[in-house]
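Here is a short briefing to read alongside the sequence and the 3D view.

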Amino acid sequence: MERRSNNGITDANEAPVPHTNGGASGLNPHLVAPDAMAAVMTPGRAFVSDPSLAAAAISDPPAVVPMAFSNNGGLALSDKAITADEIALYDRQIRLWGMAAQAKIQSANILLITIRALANEIAKNLVLAGIGSLTVLDDAAVAEADLGAQFLLSEVESPVGQNRAEAASAALRKLNPRVRIHVDSEGVKTKVPSYFANFDIVIATDLDPDSFNLINTATRLNGKAFYAAGTHGMYGFIFSDLIEHDYVIERDLGNVATELKQETRTRSIVDVKTKKEGPKVIESVTKRELYSTWFLASDVAGLPEEYTKSKRRLRSVTPTLSCLRALWEFVQIQSGRLPGNREDLKLFTQIATQKHKVLSLPGETLKPEFLRSFLQNLGSEIAPVAAILGGQLAQDVINVLGQKQQPIQNMVIFDGTTMEALMYPLHPEGILGASLLSLGGGVDTLVPDGGMMIPPDAPIALDGSVAVPPLDPTALARPQGMPAGASPAVTNADLARPSDHTAVTQADAGPVSMPAPASASMPVAGAGPAPPAAESQQQQMPTDSQGAP
């Protein structure tokens, strides 16, 4: 299949598709099949399902992959002609984001790794939006606990014991027969990095941090966009690494000319075009966002300078961020296991206190009551929380495919107790974007240049390719979570023991004893100690006066 880049605006003279116009005058003639509009108006037009519904077998690609770090500012999607039936079916969303964006969405091939409650919501929204294909990768079997919040399993009679991806596929095909649903039940640990080159976007959910790290490295090697997400009861997160992503903001031409410039540490204006639309002059501004890897954002990166210089803003940062970072480190230390006993509780509290301090957050915002709530939610799935985060992630994927809106940059932290989903741009000092992942000389660990999980002595061919071994099965995809209520009850006494603790004054509850901060190291499979956390110097992303970021 021929693929070409959609990096911003390629033709300044081509009229855009008005987002509010679903009529024939607003259609791009290059994207609409002949006589499409006439066919839409034909009464009694039957809905014809896509003939290519059979799941295509995914071949095992070779282990040698090109060093394609950059996605060239955007996704290489073919602008396939949209048929009359598709125009009628997707009419409402075409009115929102336009015909060109819908064509890109229908050409997208997306990989979804692990299908639990959160992935159920992501898959549902993407399939209803009309993506080209969705591959569901999961080697786990359906358990009794999965029946509580995973609604896609309701289409299967007696799903317990069946492969989870296979069991969910029936409902997905029923949602939108035009979307090709592929099931891969082998599991992510069997995949070589070049496997991920088959997809435009890779979404991994509810995995351990080492798995996120390895998959993110594979997507960077192939120049593919990557999302990681997970939920624990009332809490959750979304992470995105789009490497370098271009998107276009269209607005009426103002009195002040838009200049090519660096707007923030992560965002810059790279192109400006104008075009006539009747009496109006429309300005198309192409912006580029730069990203960093999961490893850096999940532990090493600090808060932006706007936060560290403002006590008010530091107090507003949700303690969920500190607790999630503590959980990710705990899972790595304990080989994928969640906290489950008194000693685990003590260790987790120590790590959370230390993570909170590294982020320069005030101690009074990490209260024992919050730690107790967070720990009691571990391993559980709550359908409304999955729906909120799943909808937000799926919407961001649609925005990335259409290249019309600013995407997530780069971490969203959700706290269901306050119903807030706050975005924090978490990046370390130094370079960002495509140059972050490097195989340069002098690398003696796996992480200094961006969380690289390729061994330093991996053979590199003269043509720039690198022979990459299969992903390490011991560091990948362990079953996460435990049934609701399986974790021990947490009491005030557990969070405040008198021995070997450092007193932390709480604004509301008086002096409460907290464990002393633990080491800041973050173990990585096959690597030495991780580098110390660095204070971020990045800028928070402002918003244009026109309302577009």
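The count of salt bridges comes to 24, a salt bridge being a side-chain nitrogen of Lys or Arg within 4 Å of a carboxyl oxygen of Asp or Glu. This is a predicted model, in which local features need pLDDT of at least 70 and side-chain atom pairs count only at pLDDT 80 or more, while totals for chains, interfaces and linings use all residues. Residues are numbered from 1 along each chain as its sequence is written, and side-chain values use heavy atoms, with hydrogens and water left out.

**Salt bridges**

- D146 pairs with R164, with 3.6 Å between the closest N and O atoms. Because D146 sits in the loop between β3 (133-137) and α5 (164-175) and R164 in helix α5, the pair ties together parts that are 18 residues apart in sequence. Helices (H or I, at least four residues) and strands (E, at least two) are DSSP runs, numbered from the N terminus.
- Are D146 and R164 buried or exposed? D146 is buried, at 6% relative accessible area, and R164 is buried too, at 9%; here buried means under 20% relative accessible area, exposed over 50%, and partly exposed in between (1.4 Å probe, protein chains only).
- K174 and E155 also meet through their side chains, at 3.5 Å from N to O. K174 is exposed at 59% relative accessibility, whereas E155 is partly exposed at 42%.
- R267 and E289 form a salt bridge of 3.7 Å, N to O. It joins strand β9 (residues 267-277), which holds R267, to strand β10 (residues 280-290), which holds E289, across 22 residues. R267 is buried at 0% relative accessibility, and E289 is buried at 0% as well.
- A network of salt bridges links E263, R267, K287 and E289.

- In soluble globular proteins, nonpolar side chains tend to be buried together.
- Leaving aside residues up to four places away in sequence, I113 touches several others, among them L137, V188, F196 and I215; contact means heavy atoms within 4.5 Å.
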